[in-house]
Amino acid sequence: MALGDFGISGLLPRHIAAAETAARQGYVLGPNEGEHLIHFRDRGNIFIKASAANGSDNFAMGTQQVMTGTGIPTHRHSHMDEAFLVLEGAGVFTLNDAPHPFEKGSTILIPRNSWHGFSNPDQELLLLWVVAPAGLDGFFRETCAPPGVPPKHLNRAQINEIASKYGTEFK
């Protein structure tokens, strides 16, 4: 069987060395494959598709479902450049205090140290995200939980402490 037949989430805990070897040779994942997590705040689905945990040392990539009306709080990454492709939905993206409306198909580029956040009052979002170097994936692993596992209840101080490990700061 191929790595994609299992989804990475099923292999990482037990067979990380085998997954890393397979990843270095490349792999293909379906839309609902990857390391599946449920966001701690809005309960949206996150699928980590590529990261240091599965063979990608220089960047991380995944999808994030942002539930209607929840947005993404304003924050910045001190050592990561970030890009988004809006797969579904629309809203307003704020970059360094300037609002930018976006819709399905929009591309958003965020240089490191830029304050940014999303609002989506009327629609659910599905975002493809890429960060270089990796780090956002680690934040998600520490704050989110796999499906079927009780959600983590984190206060603002705990979230900020975890975020700081990955060079992320919230306003």
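A: **The open sheet and its surroundings**

Strand 3 (residues 60-66) and strand 10 (residues 125-132) pair in the antiparallel sense over seven bridges. Here strands (E, at least two residues) and helices (H or I, at least four residues) are DSSP runs numbered from the N terminus, and two strands pair if DSSP finds at least two bridges between them. The model is predicted: local features need pLDDT of at least 70 and side-chain atom pairs count only at pLDDT 80 or more, while totals for chains, interfaces and linings use all residues. Residues are numbered from 1 along each chain as its sequence is written, and side-chain values use heavy atoms, leaving out hydrogens and water.

Within this pairing, M61 has V130 of strand 10 as its bridge partner. Both strands belong to an open sheet of six strands, ordered 1-2-3-10-5-8 with antiparallel pairing. Its edge strands, strand 1 (35-38) and strand 8 (107-110), each pair on one side only. From one strand to the next, the twist averages 20 degrees, where axes are lines fitted to C-alpha atoms and angles run from 0 to 180 degrees between N-to-C directions.

F118 lies in strand 9 (residues 116-119). This residue counts as buried because its relative accessibility is 5%; buried means under 20% relative accessible area, exposed over 50% and partly exposed in between, with a 1.4 Å probe and protein chains only. Leaving aside neighbours within four places in sequence, F118 is in contact with several residues, including I108, L125 and L127; contact means heavy atoms within 4.5 Å.
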